[in-house]
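Have a look at the model first.

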Amino acid sequence: MNKILVVDDEKEIADLVELYLKNENYTVYKYYSAKEVLDNIDNLGVDLAILDVMMPEIDGFMLCNKIREKYTFPIIFATAKVEEIDKINGLMIGADDYVTKPFQPLELIARVKAQLRRSQKYNNSNQKENDKNSMNKRLNYKKWTSYKKKLHLKRKQNKKKKFVPRVIVDTNIW
């Protein structure tokens with residue numbers, strides 16, 4: 001089950017978003033201030049965040065910056081800031097999507113699903129690639145360590161008078 005962080009100082013909006021997310025079987029962590037989030041985010045294991053921009057003390061842009069210092073999960077701004085420059089700023093500082101209030105809750109849910117789908121597909125393909133690379137490295141390491149007595153490293157000078165490593169392998173290895 002995916003864990004969604006909702007941060008909005010307007011209790012009614014946060015409650016409405018929570019209701020729709022829970023209806024889709026998401027686990028929801030709801031906060032009314034960015035300061036609370038920063039105190040607790042390390043313990044939550046969040047998969048996606050929905051942030052308001054205009055909040056007291058720490059605004060959503062600053063919160064997004066702080067989150068991006070450590071985490072790569074998708075961030076959606078859901079805010080009343082409708083100016084083009086605000087949207088551009090939000091996306092440039094690290095948000096993955098930007099929805100303006102008033103918004104249709106079902107549209108927000110569709111955007112959440114799309115961001116999670118992309119994020120999970122990307123992370124799964126990266127994990128498979130990392131697993132494949134890790135296996136290849138282990139196999140290559142075993143192969144090379146068994147031949148290390150026959151492997152000689154020399155340095156050869158190229159035309160630009162820089163040293164370039166060169167591997168000379170005993171022909172009996174292959």
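Thr79 has Thr100 of strand 5 as its bridge partner. This is a predicted model, in which local features need pLDDT of at least 70, side-chain atom pairs count only at pLDDT 80 or more, and totals for chains, interfaces and linings use all residues. Residues are numbered from 1 along each chain as its sequence is written, and side-chain values use heavy atoms, with hydrogens and water left out. Helices (H or I, at least four residues) and strands (E, at least two) are DSSP runs, numbered from the N terminus.

Further along this pairing, Phe77 stands opposite Tyr98 in strand 5, and Ile76 is placed opposite Asp97. Strand 4 and strand 5 (residues 97–100) run parallel and are joined by four bridges; two strands count as paired if DSSP finds at least two bridges between them. Together with helix 4 (residues 84–92), these strands make a right-handed β-α-β unit. Right-handed here means that, with the strands pointing away from the viewer, the path from the first strand over the helix to the second runs clockwise.

## The other side of strand 4

Strand 3 (residues 48–51) also pairs with strand 4 in the parallel sense, over three bridges. The chain gets from strand 3 to strand 4 through helix 3 (residues 60–68), and this β-α-β crossover is right-handed. Within the pairing, Leu51 stands opposite Phe77.

Which way do the residues of strand 4 point? Ile75, Phe77 and Thr79 point one way, Ile76 and Ala78 the other way, and all are buried, meaning under 20% relative accessible area with a 1.4 Å probe, protein chains only. In a regular strand, side chains alternate between the two faces of the sheet. Because five of the five residues of strand 4 (residues 75–79) are buried, this strand is largely enclosed by the rest of the structure.

Stepping back, we find five strands in an open sheet with the order 2-1-3-4-5 and parallel pairing. Strand 2 (27–31) and strand 5 are the edge strands, each pairing on one side only. On average, neighbouring strands are turned by 20 degrees against each other, direction ignored; the axes are lines fitted to C-alpha atoms.

## The cavity

How many cavities of 30 Å³ or more does the structure hold? There is one, and about 40 Å³ of space lies in the largest cavity. On a 1 Å grid over the protein atoms alone, a cavity is a set of points where a 1.4 Å probe fits but cannot get out, while a pocket is an open set with protein on both sides within 12 Å along at least five of seven lines; lining residues have an atom within 4 Å of a point. A volume is the space filled by probe spheres set on the points.

Among the residues lining the largest cavity are Val6, Asp8, Ile50 and Ala78. Helix 1 gives the largest share of this lining, three residues. By class, the lining has eight nonpolar, no polar and two charged residues, where Ala, Val, Leu, Ile, Met, Phe, Trp, Tyr, Cys and Pro count as nonpolar, Asp, Glu, Lys and Arg as charged, and the others, Gly among them, as polar.

## The largest pocket

The largest pocket has a volume of about 260 Å³. Its lining comprises 14 residues, of which Thr72, Phe73, Pro74, Ser119 and Asn123 lie nearest its centre. Helix 5 (residues 105–146) supplies the largest share, seven residues.

Technical notes
Buried < 20%, exposed > 50% of the residue type's maximum accessible area, 1.4 Å probe, protein only. Axes fitted to C-alpha atoms, helices over the stretch in contact; angles between N-to-C directions.
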